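Welcome! Take a look at the sequence and the structure, then read on.

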Amino acid sequence: MSPLGERLGAVSPLGERLGAVSPLGERLGAVSPLGERLGAVSPLGERLGAVSPLGERLGAVSRFPLDIDIDSDTLASCVACGMCLPHCPTYRVSGEESASPRGRIALMRDVVERGEADAAFVEFMDACIQCRGCETACPAGVQYGHMMEATREALSVQSNYQPRLRRIAYRMLGMPRLLASGSRLLALAQRAGLMRAAGWLARIPALRRLAAGAAGLPRVPLRQAPLVPSGNDVWLFTGCVMDAWMRDTHRAVQSVIETTGAGVALPPAGASCCGSLHVHAGLGDEARRLAARTMAALPGDAPILVDSAGCGAAMKEYGHLLGTDDARRFAARVQDVHEWLAERIDELPAVAGAATEHGADTAATNGDGSSHRERIAVQDPCHLRHVQQAHLSVRTVLGRYFDVVELDDDGLCCGAGGAYSQQHPDIAGAVRERKVAAIERSGARVVASANPGCTLHLRAVGLDVRYPLEIVADFLAGARIPTSRTRTAE
């Protein structure tokens with residue numbers, strides 16, 4: 001019996017299935033795409049399908065050497081209690097042990113012991129959304145996110161896990177002019193109807209996943225007015241894709257910050273990308289380069305406010321990424337913009353027609369004396385809830401002007417996962433279905449999400465999702481908050 005089988009056999013169907021056979025490749029079946037191996041027994045396999053680009057790239061090699069930089073004590077910190085399972089989106093939609101944090105750590109441990117992996121191992125690592133909901137649920141404090149990052153970096157360095165074109169695309173994120181030009185070309189292609197070709201591409205099995213990702217892209221603006229700095233009390237980090245595609249969100253955020261009397265400084269080109277997506281992809285060297293460049297571009301002691309949950313989480317972990325005192329000091333300056341505003345909640349305008357948590361209730365009332373404040377459902381981005389643990393600040397800020405509606409799914413991931421929804425659209429869509437159901441059960445007409453990826457992923461199925469401070473900015477400006485049905489016309 002293999003060590004993996006011995007460890008999992010008593011508690012897991014995976015152990016029962018795999019325990020009698022020792023080599024990793026033999027345990028997980030013939031070397032072929034994950035969809036072929038799992039399709040008959042697992043929804044995950046059905047969604048990944050019979051054709052997996054990753055499986056095709058790695059499938060010809062039954063096993064390959066792999067050295068993962070995770071020490072044995074870290075791997076042993078997982079006691080296989082299973083508390084993570086209900087909080088793992090890929091386990092929830094598949095029921096596969098190896099698609100859970102516990103199962104993935106067991107596979108990592110086996111690869112560390114043997115010094116080799118196969119395509120099956122890579123597929124299970126790649127299918128992780130990296131939401132890190134398991135860390136919040138884990139009573140042992142297992143640092144699963146850092147283990148997954150180390151595993152993917154080992155794969156990126158020692159195998160062809162990340163193909164050349166994808167590496168080029170990630171590198172473009174740190175080149176603002178090139179990213180802006182590419183975004184304008186995409187906007188033109190969308191308006192010319194060229195993106196409809198994605199439907200034809202989907203008929204070609206090898207291009208099915210690419211077509212699904214292209215079809216899910218949001219409508220990109222052709223032109224965006226520049227942001228204008230107003231002072232130097234705080235930095236507003238604007239990032240890469242969010243600035244190229246959603247600059248109006250930054251504009252709304254800046255306007256709300258300025259209502260407190262603070263002046264907003266904008267970053268130079270050197271801080272055009274934080275490296276978050278690169279960390280997720282295992283491109284560690286590029287992530288460290290971008291992190292160092294971002295730190296150099298934002299000097300001083302002023303707070304660095306971030307309006308993307310994923311970017312903020314990555315920047316708060318620069319100390320771990322770079323391992324230097326300078327990085328740790330920089331990370332201590334980083335705050336989600338809602339954190340900063342929540343600390344200054346009384347400095348935000350008190351507007352007639354809104355009830356505040358502090359002081360007199362100034363809410364407009366119905367004829368029966370009840371409040372008729374707009375109800376806003378809050379969807380917690382995983383990296384705000386589980387990594388930054390700053391999700392309650394969103395409620396504090398929204399609660400000054402609106403009635404906050406909680407979802408009943410205990411903060412389960414929506415499936416966006418940065419670039420994940422483009423690379424795994426089927427799994428991301430299955431995970432999203434659960435979030436959509438929770439939103440519809442809430443009865444709220446508008447959903448607030450403090451992360452651009454989550455916002456775009458949920459908007460793609462017709463939900464009325466907006467950044468929280470866009471909602472606040474419109475309210476303060478006197479604009480009417482939409483009260484349409486939860487799903488908008490598609």
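How many disulfides does the count come to? The count comes to zero disulfides. Please keep in mind that this is a predicted model.

**Cysteines**

- Cysteine 273 has its closest cysteine sulfur in cysteine 240, at 3.8 Å, which is too far for a bond because a disulfide needs the two sulfur atoms within 2.5 Å.
- Cysteine 274 is in no disulfide either: the nearest cysteine sulfur belongs to cysteine 311 and is 3.8 Å away.
- Cysteine 273 counts as buried, with a relative accessibility of 3%.
- Cysteine 274 also counts as buried, at 4% relative accessibility.
- As background, a disulfide is a covalent bond between the sulfur atoms of two cysteines.

**The protein as a whole**

- The secondary structure comes to 30 helices and ten strands.
- The protein has 490 residues, and buried residues make up 56% of them.
- Looking at contacts between residues at least 6 apart in sequence, 71% join residues at least 24 apart.
- The protein exposes about 20400 Å², and carbon and sulfur atoms supply 54% of that area.

**The sheet around strand E3**

- Four strands form an open sheet in the order E4-E3-E5-E6, and their pairing is parallel.
- E4 and strand E6 (334-336) stand at the edges with a single partner strand each, so one side of each has no neighbour in the sheet.
- Two bridges join E3 to strand E4 (residues 264-265), and the two run parallel.
- Valine 234 has valine 264 as its bridge partner in E4.
- On E3's pairing with strand E5 (residues 304-306), there are three bridges, again in the parallel sense.
- Here tryptophan 235 stands opposite isoleucine 304 in E5.
- E5 in turn pairs with E6 in the parallel sense, over three bridges.
- Valine 306 has aspartate 336 as its bridge partner in E6.
- Which residues cover the two faces of E3? Val234 and Leu236 lie on one side, Trp235 and Phe237 lie on the other, and all are buried.

**The sheet around strands E7 and E9**

- Another open sheet of four strands has the order E8-E7-E9-E10, with parallel pairing.
- Strand E8 (403-406) and strand E10 (465-466) are at the edges, each with a single partner strand, so one side of each is left without a neighbour in the sheet.
- Strand E7 (residues 375-379) pairs with strand E9 (residues 446-449) over four bridges in the parallel sense.
- Isoleucine 376 finds its bridge partner in E9, namely valine 446.

**Helix H12**

- Helix H12 covers residues 144-158, and its 15 residues should span 21 Å at 1.5 Å a residue. The end C-alpha atoms are 21 Å apart, which agrees.
- Is H12 largely enclosed or largely open? Twelve of its 15 residues are buried, so H12 is largely enclosed by the rest of the structure.
- The buried residues of H12 include Tyr144, His146, Met147, Glu149, Arg152 and Leu155.
- In general, an α-helix has 3.6 residues a turn, so residues three or four places apart point the same way.

**Arginine 395**

- Arginine 395 is found in helix H26 (residues 391-398).
- Its relative accessible area is 10%, so arginine 395 is buried.
- A polar atom of the arginine 395 side chain lies 3.0 Å from the backbone oxygen of histidine 391.
- Beyond its neighbours within four places in sequence, arginine 395 is in contact with Val378, Asp380, Arg385, Val404 and Glu406.

**Alanine 225**

- Alanine 225 sits in the loop between helix H16 (208-215) and strand E3 (234-237).
- With a relative accessible area of 44%, alanine 225 is partly exposed.
- Leaving aside neighbours within four places in sequence, alanine 225 is in contact with Arg247 and Arg251.
- Alanine 225 and aspartate 248 are 23 residues apart in sequence, and their C-alpha atoms are 8.5 Å apart in space.

Key. Residues are numbered from 1 along each chain as its sequence is written. This is a predicted model: local features need pLDDT of at least 70, side-chain atom pairs count only at pLDDT 80 or more; totals for chains, interfaces and linings use all residues. Side-chain values use heavy atoms; hydrogens and water are left out. Buried means under 20% relative accessible area, exposed over 50%, partly exposed in between (1.4 Å probe, protein chains only). Contact means heavy atoms within 4.5 Å. A polar contact is a pair of N or O atoms within 3.5 Å; within protein, one must be able to donate a hydrogen and the other to accept it, and residues adjacent in sequence count only if both atoms are side-chain atoms. The expected span of a helix is 1.5 Å times one less than its number of residues. Accessible areas come from the Shrake-Rupley method with a 1.4 Å probe; for residues, only the protein chains shown count as cover. Two strands pair if DSSP finds at least two bridges between them.
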